[in-house]
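These are my notebook entries on a single protein model. I recorded what I looked up, entry by entry.

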Amino acid sequence: MEWNRSGGGDLTKITIDAEAAQLLIEWAQCDTVSPPDVWRSMPAYVLTRLWAKSNALPDPDIEVERILNDIALSSRRNSNETLVVQAQKLMMSLLNQHQTFTDIVIPHLQAYLPSGTPINGQIVFALFIPAYAFTWIGDDANSIVINLTASFWEWNPDKVFNLLVHELYHIGFAYHQMGESVAEVSTVEALIENILWQIQNEGMATYVAYLARPEGLSIEDYRLLDNSAEVCACFGMVQHLLAELSQMDSKGILEFQKRIWSDGIKSRAFYVVGTFMARRIEEQMGRSSLIRTIKSGAQSFFEKYSATSPSKGLSIVIP
């Protein structure tokens, strides 16, 4: 399935790949015991392995295999209450509403990206992977993998669509600024640069999605962002990471990569701090000033934020 939109002088093309999800949904609802081994070679799972490796995470196939084996041994495979049936309903709802979503989201994304930025990629549906969603920027294609069985969605299509705003923004952002994989960083200086890039990248994507959220939508990042004490705690966590990293030699990088994942990503600190910074820059300097940092880089993003004179508890000192 393809969605085509012409905007900003460039063609925006977004495709959907539901093949892997449909394959496993159909298998889970039939009497065949062994799952089709072909799932391993399908884009949804190839991309998930690449994503896990780039973030220095365990092999995601292990978790997928465990769940598939559990389903094969389950006596409730045909029950309407199963996770798989709920995932199927969510997938159909997303497919049925995609046209309206695209009409609204593309102009919104383009309003927060440099003029002429293409947003081309594929949305790939998966089941049972560890992440609820991620974006993979590839040489041949840009992909957004959505885990239809993730409890994060609460079976609410609005949560998926709002997350797609976030992930599609990453594709536009990456057209101008690509960061190095955490797993490939080999120096303290490069790791600091990676943290700054992640804060800008995740923060701006979260900010753009925050502005596009439907009324009443509850998401952890937004709840944290709307709580001043939580925002201060996130700034403190980022500052502590940077300060600790500045005192480290290259021998400690491998272990510190795990800290970036746990403290920066899972705790949502990078997301909340970056979103707060993006909002403050736009409110005090204007949207065009914020957009210019996409081309000029993370250092510019932090410099512009510093120029807004934030309070001590909401400041970041770069080593």
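Which residues line the second largest pocket? I found Gln97, Thr100, Phe101, Ile104, Val105, His108, Asp158, Phe161, Asn162, Val165, Ala212 and Pro214. Helix H4 (83-110) and helix H5 (157-176) are the elements that give two or more residues to this lining, and H4 supplies the largest share, six residues. I noted a volume of about 260 Å³ for the second largest pocket. Its lining divides into seven nonpolar, four polar and one charged.

Basis of the entries. I am reading a predicted model, in which local features need pLDDT of at least 70 and side-chain atom pairs count only at pLDDT 80 or more, while totals for chains, interfaces and linings use all residues. Residues are numbered from 1 along each chain as its sequence is written, and side-chain values use heavy atoms, with hydrogens and water left out.

Terms for spaces. On a 1 Å grid over the protein atoms alone, a cavity is a set of points where a 1.4 Å probe fits but cannot get out, and a pocket is an open set with protein on both sides within 12 Å along at least five of seven lines; lining residues have an atom within 4 Å of a point. Grid points are joined across faces, edges and corners, and a volume is the space filled by probe spheres set on the points. Ala, Val, Leu, Ile, Met, Phe, Trp, Tyr, Cys and Pro count as nonpolar, Asp, Glu, Lys and Arg as charged, and the others, Gly among them, as polar.

Cavities. I counted two cavities of 30 Å³ or more. The largest cavity holds about 40 Å³, and its lining consists of Asn55, Val182, Gln198, Gln257, Ile260, Trp261 and Ile265. Helix H9 (residues 253-266) contributes the largest share, four residues.

Strand E3. I looked up residues 121-126 and found six of six buried (under 20% relative accessible area, 1.4 Å probe, protein chains only). Helices (H or I, at least four residues) and strands (E, at least two) are DSSP runs, numbered from the N terminus. Gly121, Ile123 and Phe125 point one way from E3, and Gln122, Val124 and Ala126 the other way. E3 pairs with strand E5 (residues 142-147) in the parallel sense over five bridges; DSSP must find at least two for a pair. Glutamine 122 has serine 143 of E5 as its bridge partner.

Alanine 28. This residue lies in helix H1 (residues 19-28). I list alanine 28 as buried because its relative accessibility is 3%.

Notes: Buried < 20%, exposed > 50% of the residue type's maximum accessible area, 1.4 Å probe, protein only.
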